Amino acid sequence: MGEAAYKRILLKMSGEVLEGTQGFGIDPSVVKRLAKEIVDVHKLGVEIGIVIGGGNIFRGVSGSKQGLDRVTGDYMGMLATLINCLSLQDAIEKEGVPTRVMSAIEVKEVAEPFIKRRAVRHLEKGRIVIFGAGTGNPFFTTDTAAALRAIEINAQVLLKATKVDGVYTADPVKVKGAELLKEVDYMTVLKHGLKVMDSTAISLSMDNSLDIIVFNIKKEGNLLRVVKGEKIGTKVIK
Ligand code: UDP
């Protein structure tokens with residue numbers, strides 16, 4: 001186990017993290033860096049599940065604002081997450097760690113179906129498991145999928161990787177003097193609509209006492225720091 005504070009984690013990365021500075025799609029150099037950081041965590045003996053979003057490619061809500069049927073748009077979003085999964089899978093395996101992509105919708109030539117017991121077995125065998133296609137249902141988000149998978153695989157913590165340092169009292173871009181919170185409870189997040197995850201994801205985490213740490217993955221080495229128990233970002237607790 002080495003210096004890790006956790007035995008099993010669920011890492012949630014939004015699709016936007018993969019796009020780097022290009023504003024859309026996948027930046028291979030970013031994916032490579034992330035893969036290296038994930039493998040560094042794996043080297044500590046930590047079992048790693050990953051949920052990746054699809055917002056760098058497609059979001060159902062944005063599609064529906066332009067007239068696309070919402071459910072169709074959501075399925076497009078779910079398929080987008082699979083593209084990201086494959087990209088990350090390739091990059092992680094190039095770093096020498098075996099992975100499995102498990103999908104919530106059947107795409108059997110591309111990925112295994114998600115079966116909880118199989119996922120846990122993969123983790124126990126030291127494979128990094130990347131969960132694709134969100135929850136498999138429209139009107140949900142990959143944040144909810146992350147909370148769901150974290151609870152299903154018994155992860156000790158959900159690490160929510162973002163482009164900002166954590167949770168603020170208000171939007172730091174718009175509000176001068178907005179403060180970074182070290183800790184915040186689920187109810188406060190829900191009541192004040194703080195930008196952590198959507199309310200479905202927060203409620204699910206709250207009901208199942210799943211700890212969440214929101215941290216900035218753009219800063220190199222942060223993922224390893226969080227896993228080692230360094231107090232960076234914001235911890236969301238009961
Ligand atoms: N999505 C969905 N059900 C899910 C997860 C995702 O319908 O369980 C769709 C939804 O359209 C969403 C898109 O997939 O907008 C991409 O996921 P998300 O927006 O969560 O990605 P992120 O913002 O994390 O990149």
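This is a predicted model: local features need pLDDT of at least 70, side-chain atom pairs count only at pLDDT 80 or more; totals for chains, interfaces and linings use all residues.
Trainee: What is the phi of F139?

Mentor: Most residues other than glycine have a negative phi. F139 is not a glycine, yet its phi is positive, at about 70 degrees.

Trainee: Which loop holds N154, and is N154 buried or partly exposed?

Mentor: N154 is found in the loop between α6 and β6 (157-162). N154 also has a positive phi, about 65 degrees, although it is not a glycine. Buried needs 20 or more neighbours, and exposed needs 12 or fewer. N154 has 15 C-beta neighbours inside 10 Å, so N154 is partly exposed.

Trainee: Why does I48 count as buried?

Mentor: I48 lies in strand β2 (residues 47-52). The cut-off for buried is 20 or more other C-beta atoms within 10 Å. I48 counts as buried because its C-beta neighbours inside 10 Å number 25.

Trainee: How many Å apart in space are I48 and I9, C-alpha to C-alpha?

Mentor: In sequence, 39 residues separate I48 and I9. Leaving aside neighbours within four places in sequence, I48 is in contact with I9, L11, I38, V41, H42 and I128. The C-alpha to C-alpha distance between I48 and I9 is 5.3 Å.

Trainee: Is α2 parallel or oblique to α4?

Mentor: The axes of α2 (residues 28-42) and α4 (residues 70-94) come within 8 Å and cross at roughly 60 degrees. That makes the arrangement of α2 to α4 oblique.

Trainee: Is the crossing of α2 and α4 left-handed or right-handed, and which residues meet there?

Mentor: α2 passes α4 in a right-handed crossing. From α2 come V31, K32, A35, I38 and V39; from α4 come S87, L88, A91 and I92. By class, this contact has 7 nonpolar, 1 polar and 1 charged residues.

Trainee: Which element gives the most residues to the shell around the ligand?

Mentor: The ligand is surrounded by 24 residues, and the closest are G53, G55, G60, G77 and G134. Elements giving two or more residues are α1 (15-18), α3 (60-65), α4 and α6 (142-152). With 6 residues, the element that gives the most is α4.

How values were computed
Residues are numbered from 1 along each chain as its sequence is written. Axes are lines fitted to C-alpha atoms, for helices over the stretch in contact, and angles run from 0 to 180 degrees between N-to-C directions. Helices (H or I, at least four residues) and strands (E, at least two) are DSSP runs, numbered from the N terminus. Angles under 35 degrees count as roughly parallel, over 145 as roughly antiparallel, 65 to 115 as roughly perpendicular and the rest as oblique. A crossing is left-handed if the near helix is turned anticlockwise from the far one by less than a right angle, and right-handed if clockwise. Two residues are in contact if their C-beta atoms, placed from the backbone, lie within 7 Å. Ala, Val, Leu, Ile, Met, Phe, Trp, Tyr, Cys and Pro count as nonpolar, Asp, Glu, Lys and Arg as charged, and the others, Gly among them, as polar. A residue is near a molecule or strand if its C-beta atom, placed from the backbone, lies within 6 Å of it.
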